[in-house]
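Subject: A structure to look at

Hello,

I am handing over the structure we talked about, and my notes follow it. Please have a look at it first and then read on.

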Amino acid sequence: MEKLNQTGFQSIIQNLKNSDLNLKRFKCFNCLDTGLDSGSFCSCEAGREKRTEMLLSHSGIPAVHFGDTLGAFKLRKGAEDTLLAAKEMAEGRLCWLLIYGGIGNGKTHLAYGVVLEYINQGRGAKFVYCPSLVTAIRYLPGEKPLELLQELETVPLLVMDDFFWSTDW
């Protein structure tokens, strides 16, 4: 069966080479620039882009905030250490980080930035707005809250925003 598949694949490639299609226009012959190779992401540039798109779509970050990177953070007086800690978190050198402070100091921007940096490194990460999570847990029917929590348990990096707001049950 494996030999048949390999032979079939070679036949397809040979037909492409013999066709009017100019194969020189492809950067990657494994995936023909689709980004997918045998049902998974190809290691080429197109594959990395597809993987990043998929990770971003599951990140929990609204698309309008995809530009809220750590590099785009407007440093405020007294936030230097917090920005450094966020960078360390994004590099995987910290296992947990608690950022607290008043409204408008950039806590959510830093949280987005950590998730986006993880994703740019090809790793999965999820941003969760805690008030929405608490609402979902309280009002989703049946086993759905448990399924949601189990999904969050498997994420390589989970970033939770407005955590203390959600503790007032």
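Aspartate 33 counts as partly exposed because its relative accessibility is 31%; here buried means under 20% relative accessible area, exposed over 50%, and partly exposed in between, with a 1.4 Å probe and protein chains only. You will find aspartate 33 in the loop between α1 (2-18) and β1 (36-37). Its phi is near 65 degrees, a positive value in a residue other than glycine.

Before I go on, a word on the model and the conventions. This is a predicted model, in which local features need pLDDT of at least 70 and side-chain atom pairs count only at pLDDT 80 or more, while totals for chains, interfaces and linings use all residues. Residues are numbered from 1 along each chain as its sequence is written, and side-chain values use heavy atoms, with hydrogens and water left out.

Now the overall layout. The chain has six helices and four strands, where helices (H or I, at least four residues) and strands (E, at least two) are DSSP runs numbered from the N terminus. Along the sequence they follow the pattern α-β-β-α-α-α-β-α-α-β. Of the 169 residues in the chain, 29% are buried. Among contacts with a separation of 6 or more, 59% are between residues 24 or more positions apart; contact means heavy atoms within 4.5 Å.

The helix packing is where I would turn next. Helix α3 (residues 80-90) and helix α4 (residues 107-120) have axes that come within 9 Å and cross at roughly 30 degrees. The axes are lines fitted to C-alpha atoms, for helices over the stretch in contact, and the angles run from 0 to 180 degrees between N-to-C directions. That makes α3 roughly parallel to α4, since angles under 35 degrees count as roughly parallel, over 145 as roughly antiparallel, 65 to 115 as roughly perpendicular and the rest as oblique. The crossing of α3 and α4 is right-handed: a crossing gets that name if the near helix is turned clockwise from the far one by less than a right angle, and is left-handed if anticlockwise. On the α3 side the contact is made by Thr82, Leu83, Ala86, Met89 and Ala90, and on the α4 side by Leu110, Val114, Glu117 and Tyr118. By class, the contact of α3 with α4 has seven nonpolar, one polar and one charged residues. For these classes, Ala, Val, Leu, Ile, Met, Phe, Trp, Tyr, Cys and Pro are nonpolar, Asp, Glu, Lys and Arg are charged, and the others, Gly among them, are polar.

How do α2 and α4 cross? Their axes come within 9 Å and cross at roughly 150 degrees. That makes α2 roughly antiparallel to α4, and this crossing is right-handed. The residues in contact are Thr52, Leu55 and Leu56 of α2 with Leu116, Ile119 and Asn120 of α4.

The largest nonpolar core has 22 residues, of which Leu70, Val114, Val115, Phe127, Leu157 and Val159 touch the most other members. Such a core is a set of buried Ala, Val, Leu, Ile, Met, Phe, Trp, Tyr and Cys residues joined through side-chain atoms within 4.5 Å. Two or more residues come from each of α2 (45-57), α3 and α4, and α4 gives the most, with eight residues. Another core, of five residues, lies apart from this one and includes Cys28, Cys31, Cys44 and Ala46.

Finally, a few more places to look at. Aspartate 162, in the segment after β4 (158-161), also has a positive phi, near 55 degrees, and is partly exposed with a relative accessible area of 35%. Serine 132 and aspartate 162 are 30 residues apart in sequence and 9.9 Å apart in space, C-alpha to C-alpha. Serine 132 belongs to helix α5 (residues 130-139). Asparagine 105 lies in the loop between α3 and α4 and, leaving aside neighbours within four places in sequence, is in contact with Phe73 and Arg76.

Best wishes
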